[in-house]
Amino acid sequence: MAFGDRKYYDPIAFCTEALDSERPVIFVSVNYRLGALGFLHCPEAGDYLPPNNGLYDQILAFEWLHTYIRGFNGDLNNMTAIGQSAGAASLSLHNARFRNEPLYQKAIILSGSTTVLVTMTPEEHQSEFLYQAEKLGINTQDRSMTDIAIEVIKAPVDAIRSLEYCGAPCSPSELIPERDWATMLHARHTKPNAWLKSQIICSSTYDGSMSHLVAMGQERTQLAKVFIAICRAKLKMPQCLLDIYELSVHDDDAVALEKICQAVTDVGFYGAAISGLLGASASPETRNYSMLFNIGNPFSELLGKGRFATHTWDIVSLLGAYDDLVPEDYRQGMSEWRRMMLLYCHTGKLPFEVWRPMSQSVILIQKDGIQHLDHKLLVESRAQKLLQIAEQEGGERGFDLLWEKVIRFFLKTGNPRYSHEASDIIKNYCPEL
């Protein structure tokens, strides 16, 4: 976790449940560098600002645990890594990047994949480095990159943090040699290391809540018209996608945004999870489970209390920082889920079917308990229909096409810099609207 000391990541309830269920764990929270401190990179400055420092921090943390966990009475041969959102994307990388020595044996990947991370090329990193250096007030004209990098390194940490630079992994690079690493196509054909004995890949039923909240803070209108126009411009069979979400030009912006962000969820998170499962299923050494988190967030004021299983609420409810505040009818499902995850941490197995391409199944987490959805139940689901549309639109690249050409394009037009593209696309593809 990026900020393991934050209140909502407090693991006391999780560890207490572990003791009560007689499945004790040693819980280790890992912090790693974020933003400019973790990902600012200058390719032309030698080793002064190397790429992917934040990711290397994570590897170093796992290696530290291998060296010292026995001193805490831990078992280095029974380690489970848990990552959520960008942390889940990081685990997807570590699971698949070849190395002989294992980092851990089991992984729990919550609401994230390599798709959620935007990578930058070395050339893009070089340009971004100069831009951020200038923001720090550093002269970049007629100077060597090494001199500029040294001055950036000497800048106060608070000044570097104040850049508010999100950062991005560098690809291609030594750690991420593949240019298409952050695609669902790549995940679809990537096997995990043989030392990964099992993994749970889980998405929430409204991970698009992040996009929903961002859009609520933007001054944009005609959301349904914009999305419909994008579908018409980018897809061969646009109406098939629109029918799944029952999106109409008559929907007001609030209704349209909810439907669109459900598509964000299904394509960018569930679709990415399926892609990762397809790749992992090719490894005979790794047992794979698919999970769907559907416990509504009882604290979400802006989106309605309890309406949606929002992004980040999955890890918060698993660790239990706010157990004393959740409604009584939530506690059964949350406790069952927690105990099932503790069982997994100890054994690497769950009392449900493993995921297979030809017999897909999902473990559904709800507030009243855990349900197993077999292949027959999944066939008629919205997400499975979306999977069929993706295949029809672009074959193996279908989910990437939907994500890049439709979903991300729509989200981009919320930025004032690109808002004109929304008007242009309505004019060109929906003149009747």
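# Questions on a predicted structure

User: Are α16 and α17 roughly parallel or roughly perpendicular to each other?
Analyst: Helix α16 (residues 382-394) and helix α17 (residues 398-412) pack with their axes 7 Å apart and at an angle of about 90 degrees. Axes are lines fitted to C-alpha atoms, for helices over the stretch in contact, and angles run from 0 to 180 degrees between N-to-C directions. Angles under 35 degrees count as roughly parallel, over 145 as roughly antiparallel, 65 to 115 as roughly perpendicular and the rest as oblique. The two helices, α16 and α17, are therefore roughly perpendicular.

User: By class, which residues does the contact of α16 with α17 have?
Analyst: Contact means heavy atoms within 4.5 Å; here L386, L387, A390, E393 and G394 of α16 meet G398, F399, L401 and L402 of α17. Ala, Val, Leu, Ile, Met, Phe, Trp, Tyr, Cys and Pro count as nonpolar, Asp, Glu, Lys and Arg as charged, and the others, Gly among them, as polar. By class, the contact of α16 with α17 has six nonpolar, two polar and one charged residues.

User: What do the residue numbers and the predicted model rest on?
Analyst: Residues are numbered from 1 along each chain as its sequence is written, and side-chain values use heavy atoms, with hydrogens and water left out. This is a predicted model, in which local features need pLDDT of at least 70 and side-chain atom pairs count only at pLDDT 80 or more, while totals for chains, interfaces and linings use all residues.

User: At what angle do helix α3 and helix α4 pack?
Analyst: Helices (H or I, at least four residues) and strands (E, at least two) are DSSP runs, numbered from the N terminus. The axes of α3 (residues 53-68) and α4 (residues 86-96) lie 11 Å apart, and the angle is about 65 degrees.

User: Which residues of α4 make the contact with α3?
Analyst: On the α3 side, the contact is made by L55, Q58, I59 and F62. The residues of this contact divide into five nonpolar, three polar and no charged. Those from α4 are S90, L91, L93 and H94.

User: How many of the 11 residues of α4 are buried?
Analyst: Buried means under 20% relative accessible area, exposed over 50%, and partly exposed in between (1.4 Å probe, protein chains only). The buried residues of α4 include G87, A88, A89 and N95, and their cover includes α3, β1 (80-84), β2 (106-110) and β3 (198-204). Helix α4 is largely enclosed by the rest of the structure, because the number buried is eight.

User: What is the relative accessible area of L49?
Analyst: L49 is found in the loop between α2 (35-39) and α3. Leaving aside its neighbours within four places in sequence, L49 is in contact with residues including L40, F129, A149 and I153. L49 is buried, and its relative accessible area is 11%.

User: Is E164 buried or exposed?
Analyst: E164 sits in the loop between α7 and α8, and its phi is near 55 degrees, a positive value in a residue other than glycine. At 72% relative accessibility, E164 counts as exposed.

User: Which residue does a cis peptide bond join to S171?
Analyst: The bond has an omega of about 5 degrees. Its second residue is found in the loop between α7 (157-161) and α8 (184-188). The residue joined to S171 is P172.
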